[in-house]
Amino acid sequence: MTKQITLLTALMLISNVLSAQTKKTKFLYQDARQPVEVRISDLLGRMTLEEKVMQLNQYTLGRNDNANNMADPVNDIPAEIGSLIYFSSNAELRNRVQRRAMEQSRLGIPIIFGYDVIHGFKTIYPISLAQACSWNPDLVQQATAVAAQESRMSGVDWTFSPMIDVARDGRWGRVAEGYGEDPYTNGVFAVASVKGYQGKDLSGPVSVAACLKHYVGYGASEAGRDYVYTEISDQTLWNTYLPPYEAAVKAGAATLMSSFNDISGTPGTANTYLLRTVLKEQWKHDGFVVSDWGAIEQLRSQGVAKDKKEAALKAFNAGVEMDMMNQSYDKHLAALVKEGKVTQGVLDDAVKRVLRVKFRLGLFDKPYTPEIPEKQRFLLPQSRAIADRLAEESIVLLKNGHNALPLTAVKNIAVIGPMSNSKWHLLGSWRAHGNAEDAGTIYDNIKQEFGNKVTVTNAQGCDFDGTDQSGFADANRLAQNADAVVICLGEKANWSGENASRSSISLPAIQEALVAELKKSGKPVILLISSGRPLDLSRLEPMCDAILSMWQPGTTGGKAIAEVLSGKANPSGKLAITFPYSSGQIPIYYNHRQSARPNQGKYQDIPSKPLYEFGYGLSYTTFDYAELKASSSSIKVNETLTVEVAVKNTGNRDGMETVHWYISDPVSSISRPVKELKFFQKQFIRKGETKVFSFQVDPKRDLGFVNARGEKFVEEGDYYIIVKDKKIKLELLKE
């Protein structure tokens, strides 16, 4: 017994000694108990120049990899690489590469894995432009949280989202990715998205790092052509394009992506003022900036760098910390440091920023992703429920003549058009790992929604484009026998998104011809539009009794539109971007500057007003707005006041209503837009019920403006608070 105790004691002593030796040899950066900044400093001090440089590069992994040849892509990836764009949807390959980084590199620095998770990973939500039309940021936060959960559980730590480029030209394909034409709206949904992606703890098992893109002014591309020059004055930069980024940076966004565009002579990827002075110095952002794909090398195409080395120098010194698929930093950055063209201090700051995000994600302490079956990660019931609700609330009822909708008293519905049986095109661009087979068609969902009591027939009628009208006859036959004709038209998924500029935002002539043909049936024509941009509907609108814009609604979009048609769901979406009367009006947006001659300068050949303005959207019920009431008619700059409006549901259905609060400053030292959105609120109102909406006015936040240096100022005088056709005057007094 004594010998056993002695042996046990000896083993314990040996164990304690070994443990103590382990603790002594463990570096500070590997100790999870240490503060992040201590760990960063310790690790940075141990890194060689080459190791620092490799942390600032991003390659790809997973595209076209053969599952039977897994070792090849793993061995091809440098163990010291900073980041990878991860194209796979499971963690197995990711963990193999991460293990190489942790075990075969000298310091064991984990890789951060990024991917374009724009509107869902596997459960695909409506495109971002549609999400803005829901005016429900809480719901968008829930959707981005699901996208984060599916991504992180699949090996992706970092999403290149949200895109918050203010966009006012529907010809630009990337309007689909953002939240519309208004700076405030983009800022609100940017903050909601960041909170959804990053959660309460960035190191959590279902959180990912967000990336704000494209910083900045990309949405101002001339004539809607992708990648081209943008002419943006300093004042417009500050009052229109920068506010969403500032809001999201203050909300804690981990990273940003530099923009492709040349901003008034200086490309975004080489713009020291925006990347260093504004972002890092003024806004105190301590994460990192990644280039867009190939954007550093493209400084050569933009005429500001003679070769890849000079492009690397300009981008890095401007403040782009990570090189996405340029292979400029890995080839030239070390030499630039040795030549003294990049200082050690700037290099170290860049590496710290990348390491900081990795530490905050918890990658040093939990570098591997648990390998979990797909059914436990994707398309969970609660995830689909959020997708369904978001798709439903994003649908905008543009027209409803003679209360053609909902379809409550019909026995036969003809569902016609190229979108009626499509699954793929409902998902939209940037569909990540979305699978068309997980979605249901509009036709199938209408059949299921209306059940056996209603006969639902289907014909394609025509293709999305082309000139073949041979399907018109079959479509006509079905229309003649129907009580209502539901025509499903729109854009293919790849007609919007990146590199998808269009000279005209009208639908192809064949689709318009189909509507004209079916109009001859004399039956009510219900037009369903699926698109990634606002469209020119000026020729279609007179031919249709009702029009619904469902955008590109995602995995459950067919179900949502069927429930709106039946009346189970009451549409509540309102436009976050203007629908012009024609492409010739572009750019057209609600918050334009005041005109020198308000009653002149109009188009001579078309109306000057848009077909459907920003904030427009109908419901199956009606709402009556009372007069605005303010707690005071005057206010000082350091005070606040409350403005209220009572809204009554005067129709026969329950519904949701969004109230948009605008301010107008008719006289200012800098000319201001005719009105500016400052707040919005959405509430559910039962039929016959009245709800009070309120807006607390803070003069510095809501009445102020910015000058060309980004300095906020507030001037005394009269202001107006506007809701629909109601407005109330407020006087801002001297202190």
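How many cavities of 30 Å³ or more does the count come to? The count comes to three. To follow that count, you need two terms. On a 1 Å grid over the protein atoms alone, a cavity is a set of points where a 1.4 Å probe fits but cannot get out, while a pocket is an open set with protein on both sides within 12 Å along at least five of seven lines; lining residues have an atom within 4 Å of a point. Grid points are joined across faces, edges and corners, and a volume is the space filled by probe spheres set on the points.

Before going further, here is what kind of model you have. This is a predicted model, in which local features need pLDDT of at least 70 and side-chain atom pairs count only at pLDDT 80 or more, while totals for chains, interfaces and linings use all residues. Residues are numbered from 1 along each chain as its sequence is written, and side-chain values use heavy atoms, with hydrogens and water left out.

The largest cavity holds about 70 Å³ of space. It is lined by 13 residues, and I118, H119, Q131, T144 and Y197 are the closest to its centre. Helix 7 (137-152) and helix 8 (183-198) each supply at least two residues of this lining. Here helices (H or I, at least four residues) and strands (E, at least two) are DSSP runs, numbered from the N terminus. The largest share, three residues, comes from helix 7.

Helix 8 is also the place of G196. G196 is buried, with a relative accessible area of 5%. Buried means under 20% relative accessible area, exposed over 50%, and partly exposed in between (1.4 Å probe, protein chains only). Not counting residues up to four places away in sequence, G196 touches Q141, T144, A145 and A148, where contact means heavy atoms within 4.5 Å.

The largest pocket has a volume of about 1300 Å³. Its lining has 40 residues, and Y590, P610, E613, F614 and K675 lie nearest the centre. Strand 17 and strand 21 (655-664) are the elements that give two or more residues to this lining, and strand 21 brings the largest share, five residues.

## One side of a helix

Now look at helix 17 (residues 442-450), where I442, Y443, N445, I446 and F450 are buried. Why are these residues on the same side of helix 17? They cover an arc of only 165° around the axis, and that puts them on the same side; the arc is that of the directions from the helix axis to the C-beta atoms. The partners that the buried residues of helix 17 pack against include strand 12 (412-416), strand 14 (484-490) and helix 20 (557-566). Just after helix 17, G451 takes a positive phi of about 70°.

## A strand with two faces

In a regular strand the side chains alternate between the two faces of the sheet.

Two strands pair if DSSP finds at least two bridges between them.

| Partner of strand 20 | Sense | Bridges |
|---|---|---|
| Strand 17 (residues 623-625) | antiparallel | three bridges |
| Strand 18 (residues 629-630) | antiparallel | two bridges |
| Strand 23 (residues 690-697) | antiparallel | eight bridges |

The bridge partner of D624 is K648 in strand 20, and that of A630 is V643. L641, in turn, has V697 in strand 23 as its bridge partner.

Five strands form an open sheet in the order 19-27-26-21-22, with mixed pairing. Strand 19 (634-636) and strand 22 (676-685) stand at the edges, each with a single partner strand, so one side of each is left without a neighbour in the sheet. Within this sheet, strand 26 (residues 717-723) and strand 27 (residues 726-733) run antiparallel and are joined by seven bridges. D718 stands opposite E731 in strand 27.
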